[in-house]
Amino acid sequence: MSDWSPRPQGGTTPEEEAAREAQHQLLIDLLAAYLDAELPAETRAQIEAHLVGCARCRRELRVQHEVRRLLGSEPLAAAPPTFQARIAEAIAAAPIPAGDIPRAPARRVSAGVAFAATTLLVVLGLGAWAVTVRGDAEGVARAQPATRTLPARAASVPLFADVLADYRRVAMTDLPGRSRDLEAVRSAMPFAVEALRAPGLRLVGAWTTELGGEPAAVLAYRVDDRVVLQYLVSEERFFRHPAVRNAVADGRPVTSIDGGQVMVAWPARAAGVVVVGELAPERMSQIPASDRLARRGARGAE
């Protein structure tokens, strides 16, 4: 498969541009199959590499993902009463299967009672399944540490304001780095740069920037077909504002929402972490807890 990334207009002929646009349109046509996991691994890898540098295709992917979400949230229509009655009649009219094991004569059970008993078994089975799932979900929720809300507006905390401004700037352009640049970013920073290990996160880019004139590392992840950015700054910069110091003093990550962006921040090894994205606040708050659990598992395996 060829490289579908858009190129500047200069230096190419109209025929070359037309051919390249046709290839790009082919990629857009494949995004639906990509979302449905219907493509071979090689094709998926090439599409993911293209998505890192193509804002146009990332927008198209978000649109298709939103359409699927809306369709999935539509309630199922209930079966009409006449259809339910026909099912009951069919069950009542079905012959009782003959068994090979002799049994004592039993009183004939009416069709209505048989249907009610069958329905009760199904309901009880679904109820037991629901209780099990709910219990598992509640256990997971209890295992995840809660976050605290930042006791100040994000714009009043220079670090958070700088992160938001940089995130919004990056969101309007192509991502400046690729995942293979991570080692170069690590060597350029005076503090530790550790990638998130939370399940469901895939590193797609890494680069350096400045926040308020101070160095920062930026790591980009694909999460639920959206891009989330992780900013890493020095400990001194992270703990500078009293609102942040007070919020993380009890060991819990701190969250803040500004417009459509959700930020989650916590101190890491010799650095501070701020993750920002446009996921639901509940989904964003799971990232630090999942990262912590993943690191514990990795240490236990060593």
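Partly exposed residues are those whose relative accessible area falls between the buried class, under 20%, and the exposed class, over 50%. The model shown in these views is predicted.

**View 1. Arg 240 and Glu 236 form a salt bridge.** The N to O distance between the two side chains is 2.4 Å. Arg 240 has a relative accessibility of 39%, so this residue counts as partly exposed. Glu 236, at 48%, is also classed as partly exposed.

**View 2. Asp 258 pairs with Arg 168 in a salt bridge.** Here the N to O distance is 2.7 Å. Asp 258 is partly exposed at 22% relative accessibility, and Arg 168 is partly exposed at 34%.

**View 3. A salt bridge joins Asp 224 to Arg 283.** The closest N and O atoms of this pair are 3.1 Å apart. Asp 224 sits in the loop between strand E3 (214–223) and strand E4 (226–233), while Arg 283 is in helix H10 (residues 281–301), so the pair links parts that are 59 residues apart in sequence. Asp 224 has a relative accessible area of 38% and is therefore partly exposed.

**View 4. Five residues are linked in a network of salt bridges.** The members are Arg 44, Glu 48, Arg 202, Arg 222 and Asp 225. Side chains of opposite charge can pair when their charged atoms come close. The structure as a whole holds 15 salt bridges.

How values were computed:
Residues are numbered from 1 along each chain as its sequence is written. This is a predicted model: local features need pLDDT of at least 70, side-chain atom pairs count only at pLDDT 80 or more; totals for chains, interfaces and linings use all residues. Side-chain values use heavy atoms; hydrogens and water are left out. A salt bridge is a side-chain nitrogen of Lys or Arg within 4 Å of a carboxyl oxygen of Asp or Glu. Buried means under 20% relative accessible area, exposed over 50%, partly exposed in between (1.4 Å probe, protein chains only). Helices (H or I, at least four residues) and strands (E, at least two) are DSSP runs, numbered from the N terminus.
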